[in-house]
Amino acid sequence: MKSIAFVAGIICALAGATCQASLYTYQDGQGYLKLSVSEETGDPVVTIRTSNPGTCELVTEGCALSEDGLTCFTADGYPVVIKYGFNHTLKVTSVPAHLCGLYGTATGVYQLKH
């Protein structure tokens, strides 16, 4: 089952509408994933900041929507893969290791913050 807020956020972004950001809290450590829309381009923007115990901070722009989720790309063209979860969750399944600090990762489950 796809996260309704996630899909709504992407549809809103693709339609070029004004949308509020969706915030998801990191369940495998401290941090968050924020889904928003670039005011300049109208594209979805994913911002991730985590600590578990190392830190990871990244911002992606230029995303491709699929049935399973979203693949977004950093400014250097590296992919970050985000899958739909159950009960308003997202799962980041792939982040290139060099984008995070020593012992840091952004992979794991994120729960929609109400």
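Reply: The account below begins with the disulfides and then turns to the backbone.

The model is predicted, so local features need pLDDT of at least 70 and side-chain atom pairs count only at pLDDT 80 or more, while totals for chains, interfaces and linings use all residues. Residues are numbered from 1 along each chain as its sequence is written, and side-chain values use heavy atoms, with hydrogens and water left out.

A disulfide is a covalent bond between the sulfur atoms of two cysteines. In this model the term applies to a pair of cysteine sulfur atoms within 2.5 Å. The whole structure contains 2 disulfides.

Strands (E, at least two residues) and helices (H or I, at least four) are DSSP runs, numbered from the N terminus. The torsion about the S-S bond of Cys56 and Cys100 is -50 degrees, and the link is left-handed. Both cysteines of this pair, Cys56 and Cys100, are buried. Buried means under 20% relative accessible area, exposed means over 50%, and partly exposed lies in between (1.4 Å probe, protein chains only).

Another disulfide joins Cys63 to Cys72, with an S to S distance of 2.1 Å. Its S-S torsion is about 105 degrees, so the link of Cys63 and Cys72 is right-handed. Cys72 counts as buried because its relative accessibility is 0%.

The backbone comes next. Most residues other than glycine have a negative phi, and most peptide bonds are trans.

Tyr103 has a positive phi, near 65 degrees, although it is not glycine. Tyr103 counts as exposed because its relative accessibility is 65%.

His88 likewise has a positive phi, near 60 degrees, in a residue other than glycine. The loop that holds His88 runs between strand S6 (79–84) and strand S7 (89–94). His88 is partly exposed, because its relative accessible area is 33%.

A cis peptide bond leads from Asn52 to Pro53, with omega near -5 degrees.
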